[in-house]
Amino acid sequence: MDDLVDHWIGGRSLPPGRSRYLQVRRPGETPARSVARGDAADVDAAVRSASRAQRAWGAAGQDARGRTLAAIARALREQADDLAAVERVETGKPFVQAAAETAASAEYFDFYAGAVRFLHGETMSLHQGQHVYTRREPYGVVGVITPWNYPLNQAARAVAPAIAAGNSVVLKPSELTPGSSVQLATLACAAGLAPGVFNVVAGTGEEAGEALVCHPLVSRLTFTGSTRAGRRVAELAAERFLPLTLELGGKSPCIVFADAELESAARAITGAFVENAGQTCSAPTRLLVERTVEERLLVLVGEALERLVEGEDYGPIITEEQKRRIEGAVAEARAAGARVVYAGQTSAPDAFIAPVVLVDVDAASRIAQEEIFGPVLVVLPFDSEDEAVAIANGTRYGLVAGLWTGGLARAHRVAARLEAGQVYVNAWSAPIDAPFGGYKASGYGREKGRTALEEYTRLKSVSIDLISATPAGSPEG
């Protein structure tokens, strides 16, 4: 991977206007790379390029846009190893996880290449003589701000539906992980996407990110990140009524009932909370287990954790600051009475955190209420279905929830009561067709699926009075 990351604007690589760069250190390594430190002038150049390109791109037919997205998907698959290598260098992920992220990114472009054909309005027969129909039209320039934990996947997740709907995009990735986003834009242009339709401006949230939110030519914005940062974005956007999709933090509960298949539950939950070193907003970080099977499930979780291999099943923590934050949260919980029932060993304590499982945790404590963003599992027992639902819903978050049960009726009943935008039953995953987004402080709006495609369009109603619309005596009359 190149140790210099510049912007991608108007179909070409451009250095920052003021020649300023950030020095970003790779996870667990000493060498740093130089990342463009974009500012308002760089954002303005990218947005104006996107605005110019959007006119022709938005006017192109859905078939033409779909073919271009399909070509981008093919290019991603052809360059999958290179993309995975960039992702691995920037995030420290094991190669298997980086490769899976690249494959998922290609799937987004394939999905929306087909789904765009079904993007249309509807007609309504209200009464004789009046014809009403709706149109779905692109916003224009869409701003996208992505975090560092799944940079390529989340860039593709937003960019694919946005450009499929006829918008152009200016993407501001995290300053820690911009390389894969720049490479995605480069591949997209090489695959036939018109210059300016997809631009990338590197830099910090305070400089490039806020400039993107506030730019008058940006007509819609998608932000993925912390609830704290999302609140700031929402405040800035509110000043000019900018439509938003906010995918924010989570403290996702997973409820395991006594009638569940405990072995499969333990394997899935373990893999999910440790994936990406726990740096996943949808991770099942609160394990709610029916008290009668708590001891057995904890044994199975411990056995599953023992089978994990550091550097293969999970990678390092993204920064030293983040690592200290996780360790501090665990220490605070232990000081408050929480007990560690599993703590793995790490061979690289300067970069990795081994998985931790905590019991005897107060459901109202910070470790059970706030997003830690690390491989830390909090265990909370319950005695009844009502108690389980109350504990699950008892945080300010509502991104994802899950449950394991052998009863179909209970599965539907509990899923309906959980305050979360996506609910998993007897698994911890969903296909890209399923809309994804949060309740409460986990945000609003939806990514993924056909719903995301519609969110990147404005809905217009057209009403025509067929009786008076054509003058009497005209050829059409």
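Modeller: Start with E387: leaving aside its neighbours within four places in sequence, E387 is in contact with P381 and F382, where contact means heavy atoms within 4.5 Å. The model is predicted, so local features need pLDDT of at least 70 and side-chain atom pairs pLDDT 80 or more, while totals for chains, interfaces and linings use all residues. Residues are numbered from 1 along each chain as its sequence is written, and side-chain values use heavy atoms, without hydrogens and water.

Biologist: Why is E387 called partly exposed?

Modeller: Its relative accessible area is 28%. Buried means under 20% and exposed over 50%, with a 1.4 Å probe and protein chains only, so a value in between is partly exposed.

Biologist: What does the side chain of E387 reach?

Modeller: It reaches the backbone nitrogen of D383 at 2.7 Å. E387 itself lies in helix 13 (residues 385-392); a helix is a DSSP run of H or I of at least four residues, numbered from the N terminus.

Biologist: What makes helix 3 oblique to helix 4?

Modeller: The axes of helix 3 (residues 80-91) and helix 4 (residues 95-115) cross at roughly 125° and come within 8 Å. Under 35 degrees is roughly parallel, over 145 roughly antiparallel, 65 to 115 roughly perpendicular and the rest oblique, and that makes helix 3 oblique to helix 4.

Biologist: Which residues make that contact?

Modeller: A80, D81, L83, A84, E87 and R88 of helix 3 meet F95, A98, A99, E101 and T102 of helix 4.

Note on methods:
Axes are lines fitted to C-alpha atoms, for helices over the stretch in contact, and angles run from 0 to 180 degrees between N-to-C directions. Helices (H or I, at least four residues) and strands (E, at least two) are DSSP runs, numbered from the N terminus. A polar contact is a pair of N or O atoms within 3.5 Å; within protein, one must be able to donate a hydrogen and the other to accept it, and residues adjacent in sequence count only if both atoms are side-chain atoms.
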